[in-house]
Structures are given as C-alpha cells and as structure tokens.
There are 2 protein chains.
Amino acid sequence: MAIKYELIKECKQSGARLGRLHTPHGIIETPIFMPVGTQATVKAMTPEELKEINAQIILSNTYHLYLRPGHKLVEKAGGLHKFMNWDRPILTDSGGFQVFSLGDLRKISEEGVEFRSHLDGSKHFISPEKAIEIENALGADIIMAFDECAPYPADKNYVKNSLERTTRWAKRCKQAHKNPDTQALFGIIQGGMYKDLREQSIKEIVELDFPGYAVGGLSVGEPKPLMYEVLEYTTPLMPKDKPRYLMGVGTPDCLIEGVIRGIDMFDCVLPTRIARNGTAMTSVGKVVIKNAKYIEDFEPLDPNCDCYTCKNYSRAYLRHLYKAQEILSARLVTYHNLYFLLELMKNIRNAIKEDRLLDFRKEFFEKYGYEI
Amino acid sequence: MAIKYELIKECKQSGARLGRLHTPHGIIETPIFMPVGTQATVKAMTPEELKEINAQIILSNTYHLYLRPGHKLVEKAGGLHKFMNWDRPILTDSGGFQVFSLGDLRKISEEGVEFRSHLDGSKHFISPEKAIEIENALGADIIMAFDECAPYPADKNYVKNSLERTTRWAKRCKQAHKNPDTQALFGIIQGGMYKDLREQSIKEIVELDFPGYAVGGLSVGEPKPLMYEVLEYTTPLMPKDKPRYLMGVGTPDCLIEGVIRGIDMFDCVLPTRIARNGTAMTSVGKVVIKNAKYIEDFEPLDPNCDCYTCKNYSRAYLRHLYKAQEILSARLVTYHNLYFLLELMKNIRNAIKEDRLLDFRKEFFEKYGYEI
C-alpha cells in the first residue's frame, strides 16, 4: 500500500476529522489544502517558498503535463518530483475534468474521450488506461481515477449514466495501475446533486476498495448551500479509515464547511489565480489591491498576518507593483494567499484538537465576512 | 560628503582599479555591476534574493517612478529604500535618458524638457531642478545630474551644443540639490565620439567638483571598438579619487573591457530583460532556452555555475517553464543571469588583486566566446 490514513480524532463539537496521511514522500497532517501546480510549478512560487509556508502536498495536472512537456519527458527526467524540484508529496488529477472543461470538440464514448488540445488543436484520445499510464509516468504519490464530471445543472438520467460509466472506468483504472505500492489510486464519487445517485456511486466505488476517495462533481456552479447538503449525505457513507478529498474547493468558507462535513483534503486554483489578479484573502476579508483607496495605505496587506509579504511590504507598494504589472506583484500576493489558506487549515486542525471548530467558524467569519 | 571612494590598488597588468565606495547604506566593492530596478523592483526578484547573490547596489529610474507611483508617494512611504524593502545602496538616474528615449513629442529648451508620458500621454516638464527635486524625494545614496544624451551618430556641432547644455544643467542640478550630506550627486560627461569634446566636457564637469562622475553617451548604438576607444581617452582625464560610472553597459565583454579602461561602476537592463525572453548568460556563452535542442537536456543551465537555478533545475525544465509562460521561468533565469554577472565582477576584482586581469580576460573569452 502506497499510503495509510490514520484518524487521530473527531471534533466533539463538529464531527470534523483530524488525521495523518502517510505517503512515500512524507506525512501530511489533515485536513489540508493543496496548492495547485498545474504545469509542474505552483504559479509564481519556488518549491522552497512552498516549504517556507508549510505546504505539505501539491497538486499537478495530468491533462496539462500530458500535452506539455509530455509525460514521457517527465518520466525521463526521473519523474515529476525530480523534474520540478519538489520532494514532498504530489497528487495528480486524472485529466478528466480538464478534458471536459478545456479540451475542444470532445467526444465521449465508453472507451474514453477524444478531444482537441487547447494549445494547438491537435487531436488526442484519453481512456482510463491512458490516464493511468500518464499518471504512472508522472509518479505522484496520489493519483486520481479517470472520471466523468457531470455539469450543473444536469438531468437525473444523464447523471446516472455518467456515474455508472465513472464506475466502469474506475475498474479499468484500477486494473491498468502499475504501481499500487508507490502510488495510491483514489476513486471518485459522482452522482451530481441527487442523493440516491450519490449513494449508488459510493456503493459502487467503495466496493472497488481504493486507498482513498474523492467527492467529485461539486463546486461546478451549484449554490454553496446545495454543495454543503450533498456533502452532508455523502461523507457519512464514505469509509472512515480512508482519506476524503473534495476536489476543486478553496474558498475559506467552503474549506471550513467542508471540514465540518468530514472532508480531509482540498485543492483549488483560486488563491493563486486571484493573487495574480491582485486580490488577497485576508483576515478582514478580501483586499482588491488595485483599488484607489490603497494608494497611500502604508499598512500591510493583512494586519494580522505574519507572512513574508505582510512583514515587509505595504499595500501602497503592492498596489504600485500591480499597476506597473511587475512580476513581484504576482509573487508577493500569491505567497500571502497560500500562506493565509495554509494557516487557516492549521488553525482548523488546532480547533479540531480542542473540540471547538464550530466556535472557530463563528470567530473566523465575524472578521472575514461570510460569503454565500 | 555622502560618499567616499577609496582606491585600493591598480592592476599591474591592466591598470584596472580596485576600490571601495563608502555610502550611507554600506560599502560597495568596486568594480561593480548594478542590477536595474526600473519601477522600484528588480524585475522578478525579491530584495532577499538580490542579497543572496551579493548585489551590493541597485539602480532605479527617476522617470518611471516620477510617473508611477509618483515621487511624493515614495517620499511619504519613507523613501525608496523603505518603499521597496531594500536597505543597501541605491542609485537613481536623472530621467534624462528615458525622457529622450521613452517620452513622446519631447521639446528640449534651455529650461528643460517637455514630453508626454509613455503611459497615458499626459504632458510633463522636467528641468534640472525638477529632476533633483524628484531624486531628493526618492532618497537614493547616489543621484545623477540631469543631462542630455546625444544620439549616435550625431554631428559635432549638435554634440558640442548638447554637452555645453549638459554642463549648464549640471551646475543647476548642483545648486538645486538639497541633501549633499546624504545623497551624492554625480556629474555626467558627454561629448559623443569626439575626443576634443570629451576633453571639453570632462574639464567643465570636473570643475564643478562632484563626488563621482559618469561617462554618458556611450552604448547608444556605436560599435563596441569605438566605445572602447572613447573610454581610452576619457578615463585617464577623470579624477583618480572619485568613482567612475559607465552608464547602460552590461554585457560580459563590455564589463571586462570597461574595467580594463578604468571604470568602477556599470548598470544595464540587459541581463534581466533577456532572462525574461529565455536567454541565459553562461560560462560557455549564451543559452537560448526555448531552442529545441534543450528538450531532453537534463543538465543545468550553466555546467560551471553554483547558483540556485543551476543547482536545482535542468535545461529541460527551464525550457518547459518558458514554453508554458510560467512566472518561474523569468524568476529562475533572471536569478541566474544576475548571479552570473555579479560573479563575473567578483572574479574581475580578484584578478585585479592578483594583477592578472588581462589573463583573466583571455581565459574568460576562450570559453564564453567574444562578441563584437
């Protein structure tokens, strides 16, 4: 077995889980947020900076790396860890989500998905077997099964067919997987916003016995209360002794609400993407640094933050860098946003330890403001 | 006096100068290359990274900071050092060169230069007094007089008028300068490619008694041998007890040849600009990282380099980052290029110490290749 999940305790106030995930590249304390390094780099950051802010694991994208530079090149380089100079755990997605959202002219069949590259229009075909071949070549600690993520809204029949295909594909992924001792293959639960379909998907996927499970098909445009409702009836049916990963979620409110509903792992491009657009997540809510009100604001980005950016630079300087389109703008705000979310996860873990996660949620949102 | 230049020794083989420049923000070992931080940031670098690679002093641009964010804002922030989080020496140019090269619709008169901003077309007027007012507000350790840099080629009469105006402007700059005890104002020698005009300019500018002198009007498109020839008859006439700064020069060959001809300080955007275009300066010559021959090259950028980039990343990875337009590409190649030039200057200083700078030049170019 490549990984082992250790449930340390459940919060008496909220039921949230505190755990440890043992992987070939080290131990991850959960619940955790995973910064996204789409193209074998977390945009604007070095690996050393990610360690400085205590990133325990990062995510990278199979679809992007397959197209550029190609998984065979990464394999020749000694695998993704060596290629990108990151010796802590990595999770790769299966490319399924990107094939549907970025690939052009996609054609789905039982065999797999045909699509055109968003880079050069070239034609490609990814099947469950191909996705696993790519993920095996990349060599991440955790790899994801190739699934179909139904859009929102979608009618029940579509979602049912899609989840059943996802189950059949999950079986094929498991069979194709060459390195179960060094790479943990996670199954993905689908079923859209339909309770009975989620139950069906959990039953089918868990029966295949994966070392971890993701909740897919959420954060696809549905209202947040609906996402929370789905989690409420989904996670209690998932195995207690395996990690649970909610894909594509990374706002402070969704992280806290997700943990309260039994999630252990999250990822999202949001904190890094909005950073490059000059938006910071801070303890007092979002700061849009380009706003004129920060022209002569010599206070730090977040008055309650200890990160490198907040210790050394003013909002006025950050605004100047953003307006002048300087690379340092993306660097400093990205650094802060990731620090902010990783600190949030640490505080969440501490609150679970102390059985007071619901109190923590209340305190946090009193300052941050609650987003629906 | 804001600064003091200490001549330590002259190389017996080449006549090159080894010195120390004492400034309000620390001692600079000369000869030195100054990385350029046009808009209050050396593009893609943090101040800490600049210290890691032993940058002793950086240059920032008056024209750019005047237009954005404005010198008054920088002054309110506590000066440029504090604004950008850099506590080592800074040199600001006077904006003269940029007004001529970037400003639109410029009109030169005895009073100063009227121009339109390259950012928004707004109309501005910079006089010698205004340039110094801006530089005083920015608060750099070394500030430059407002001069007129004649283009190349230019007829003798034009260059003569221009250098004489530069002398009159230098006087006005000196008179306008409010902080001679904390900011050293350098005079700039003009005179184009005409020996007698250079002699005239040196005589007039040196008579005004500045704490340091720059050679201006070179590296403006003339052939390199012509630049070397001008230096050969210019520097011997400059005071020995003051630092000599060759403006806008930063290729390895020009740095070595400039030092041999008695120059102590250099600056240039070249190493940082070509880095963002994926070109590295290395001990074996230029490496254009996007070239297909590096696709599967798992060697470091420069096999003889100890910098962070070369210790941790392969050419294949750097090529991938460049092709994928990742910010980390600009970061890693910029870091390497500046490290390379600062190491070159350190090796030049050591060669002067050991009276073997001409031998060093020969050895260096046997590997690097000589560029005319």
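Predicted model: local features only at pLDDT ≥ 70, side-chain atom pairs only at ≥ 80, totals over all residues.
Me: Which residues does UniProt list for "active site" in chain A, and what is the largest C-alpha distance among them?
Reply: The unreviewed UniProt entry lists A:Asp93 and A:Asp267 under "active site". These residues are spread over 175 residues of sequence, yet they cluster in space. The lining of the largest pocket takes in both A:Asp93 and A:Asp267. The largest C-alpha distance for the set is 10.4 Å.

Me: Is A:Asp93 buried or exposed?
Reply: A:Asp93 belongs to the loop between strand E6 (90-92) and helix H5 (96-101) of chain A. Leaving aside neighbours within four places in sequence, its contacts include A:Ser60, A:Asn61, A:Thr62 and A:Tyr63, together with A:Gln98, A:Glu135 and A:Met144. The relative accessible area of A:Asp93 is 8%, and because the cut-off for that class is under 20%, A:Asp93 counts as buried.

Me: In which element does A:Asp267 lie, and what is its relative accessible area?
Reply: A:Asp267 is part of strand E14 (residues 265-267) of chain A. Not counting residues up to four places away in sequence, A:Asp267 touches several residues, among them A:Phe33, A:Met34, A:Val36 and A:Leu59, as well as A:Leu246 and A:Met247. A:Asp267 is classed as buried, so its relative accessible area must fall under 20%, and the computed value is 9%.

Me: With which side chain does the side chain of A:Asp267 make a polar contact?
Reply: The residues that A:Asp267 touches include A:Tyr245, A:Gly248, A:Val249 and A:Gly250, when residues up to four places away in sequence are not counted. A polar contact at 2.8 Å joins the side chain of A:Asp267 to that of A:Tyr245.

Me: How much area do chain A and chain B bury between them?
Reply: In the contact between the two chains, 37 residues of chain A meet 37 residues of chain B. Of the area buried there, 57% is on carbon and sulfur atoms. The total buried between chain A and chain B is about 3,200 Å².

Me: How many salt bridges cross the interface of chain A and chain B, and which helix gives the largest share of the side of chain A that touches chain B?
Reply: The rule finds six salt bridges across this interface, and a salt bridge joins the side chains of B:Arg331 and A:Glu49 at 2.8 Å, N to O. Polar contacts between the chains come to 22 residue pairs. Elements giving two or more residues to the chain A side include helix H1 (47-52) and helix H14 (327-353), but the largest share, five residues, comes from H13(A).

Technical notes
Residues numbered from 1 in each chain as written. Chains lettered and ligands numbered in written order. Heavy atoms only, no water. UniProt positions renumbered as here; feature names shortened; annotations may be inferred. 1 Å grid on protein atoms, 1.4 Å probe; cavity = no way out; pocket = protein on both sides within 12 Å on 5 of 7 lines; lining within 4 Å. Helix = DSSP H or I, 4+ residues; strand = E, 2+ residues; numbered from the N terminus. Buried < 20%, exposed > 50% of the residue type's maximum accessible area, 1.4 Å probe, protein only. Contact = heavy atoms within 4.5 Å. Polar contact = N/O pair within 3.5 Å; in protein donor to acceptor, adjacent residues only side chain to side chain. Buried area = accessible area lost by both parts, 1.4 Å probe. Salt bridge = Lys/Arg side-chain N within 4 Å of Asp/Glu carboxyl O.
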